[in-house]
Each structure stands twice: as C-alpha cells, then as structure tokens.
Amino acid sequence: MADHGLIAAYRQDLLAQLPADLADEVTDGLTDAHERYLLRGLRPDQAAAAAIAEFGEPGTVAAAFRRACPVWRLARVLIATGPIVGGSWAAALVTARVWDWPVPIAARLVVGLVLAASVVMLATASLTHRYPSLVRAGIAGSLGIAALDVAVVTTAVLLGPDLRWLVVVAVCVSMARLTFVARTLCRYLARHAY
C-alpha cells in the first residue's frame with residue numbers, strides 16, 4: 001500500500017524540503033495510518049486522504065522538523081545573544097584600549113569578515129524553509145562564531161596588557177557561548193553522523 005499515488009506525491013513534496021531519511025520516516029508513519037484506515041473499511045483513496053489529513057500538509061510537517069532541529073535553535077540563540085556578547089566585548093576592548101594592541105590590520109579585517117559571514121549564515125539557517133540548507137548554514141555560522149570566540153579570547157589573554165574586569169566578563173561570556181555551541185553541535189553530529 002506504500003505506493004498509493006497520494007502518499008507517493010506526499011513523499012515527493014517532503015523530499016523537496018527534508019533529507020531522505022526524515023521523509024522516509026514520515027512516509028512510513030503515513031503508510032501505517034493509511035493501512036489503519038483501510039482496516040476500518042475506507043477505500044484506498046479515502047484512506048490515503050484521511051492519513052494525510054491526520055499528518056498535515058507536507059509543508060507543515062517539514063516546518064515542524066525544522067523547528068525541532070537543534071541546529072535551527074542554536075542559530076536562533078546565537079542571533080539573539082550576539083548583541084549581548086558583542087556589546088560585552090566592545091566595552092571590554094574599549095576600556096582595554098585595544099587600538100594599542102599589536103594586532104595587524106589584516107587580522108582585524110579577517111575577524112570582521114568572518115563575523116559578517118557567520119551572521120549571514122545564522123540568519124539563513126533561521127529563515128530558510130529547506131532543511132538541508134538550514135543544517136549547512138547553521139553549522140557553518142556556528143563554527144564561524146566559535147572560531148571568533150576562540151580568537152578574541154586568545155587575543156585578549158595573550159596580548160592584553162592587563163585583564164580588566166570587563167575583559168574577564170567578556171571572556172566568560174564567550175566561553176559560555178563556545179561551550180553551548182560545542183555541546184549542541186557535538187550532540188547533533190553524533191546523532192546524524194555527517
């Protein structure tokens with residue numbers, strides 16, 4: 001019964017929005033629901049329509065998978081907390097007179113470019129309707145933010161003439177964010193073995 005036309009079309013719609021393993025998982029459940037409706041005496045087309053109505057439209061199902069994705073939540077948390085972390089670093093670096101530190105202009109430009117690219121990736125992950133794009137952009141943006149956190153913490157600790165309390169606060173905030181990113185990505189990647 002898995003090859004009923006309505007269910008096959010539903011699966012194709014899901015495949016356009018979700019990875020094959022997730023689309024297959026939903027299709028298996030849909031096929032089981034279809035068979036339950038057949039056992040209740042519905043005709044094949046009615047049973048397929050009832051099963052689809054029970055599950056919801058493919059777009060609704062795909063949106064639920066996106067919202068449940070840890071990478072999507074991670075991207076949204078990083079976007080929401082970015083101004084707080086950035087503000088703490090801005091205050092810390094201004095009070096520490098960062099312009100006197102021996103950091104090459106090229107390194108400062110690279111940090112700015114990585115930050116801009118990471119924000120674009122995180123925004124893409126938060127807003128896209130395509131699950132594979134969400135995962136790729138979310139992981140790339142999260143890794144970019146993690147690399148920035150490592151870079152600014154290392155620079156502040158190694159090059160800062162003294163660790164003022166605002167620098168210590170900024171380092172702690174970045175380390176907390178870095179830990180959150182690492183834990184979330186490690187859990188996600190362990191489950192999905194990419």
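Is Arg11 buried or exposed, or does Arg11 count as partly exposed? I looked it up: Arg11 counts as partly exposed, at 25% relative accessibility. My cut-offs are under 20% relative accessible area for buried and over 50% for exposed, with partly exposed in between (1.4 Å probe, protein chains only).

Ground rules before I go on. This is a predicted model, where local features need pLDDT of at least 70 and side-chain atom pairs count only at pLDDT 80 or more, while totals for chains, interfaces and linings use all residues. Residues are numbered from 1 along each chain as its sequence is written, and side-chain values use heavy atoms, with hydrogens and water left out.

**Entry: confidence**

I checked pLDDT, the predictor's confidence in each residue, from 0 to 100. The chain averages 89, and 97% of the residues score at least 70. Among the elements of the chain, the lowest mean pLDDT (89) belongs to helix 4 (residues 58–68), and the highest (94) to helix 6 (residues 105–127). Helices here are DSSP runs (H or I, at least four residues), numbered from the N terminus.

**Entry: salt bridges**

Side chains of opposite charge can pair when their charged atoms come close. I counted a salt bridge wherever a side-chain nitrogen of Lys or Arg sits within 4 Å of a carboxyl oxygen of Asp or Glu. That rule gives 3 salt bridges.

Arg11 has Asp24 as its partner, with the closest N and O atoms 2.5 Å apart. Asp24 is in helix 2 (residues 20–39) and Arg11 in helix 1 (residues 5–15), so I noted a link between distant parts of the chain, 13 residues apart. Asp24 also counts as partly exposed, at 29% relative accessibility.

Next I took Glu54 and Arg36, whose closest N and O atoms are 3.1 Å apart in their salt bridge. Glu54 lies in helix 3 (residues 44–55) and Arg36 in helix 2, so this pair ties together parts that are 18 residues apart in sequence. Glu54 is partly exposed at 43%, and Arg36 is partly exposed at 39%.

Then I turned to Arg177 and Asp149, which meet in a salt bridge at 2.7 Å, N to O. Because Arg177 lies in helix 8 (residues 165–192) and Asp149 in helix 7 (residues 131–159), the pair ties together parts 28 residues apart in sequence. Arg177 and Asp149 are both buried.

**Entry: cysteines**

How many disulfides does the structure hold? I got 0, taking a disulfide as a pair of cysteine sulfur atoms within 2.5 Å. For Cys69, the nearest cysteine sulfur is that of Cys186, 15 Å away. Cys69 is buried, with a relative accessible area of 1%.

How values were computed: Helices (H or I, at least four residues) and strands (E, at least two) are DSSP runs, numbered from the N terminus.
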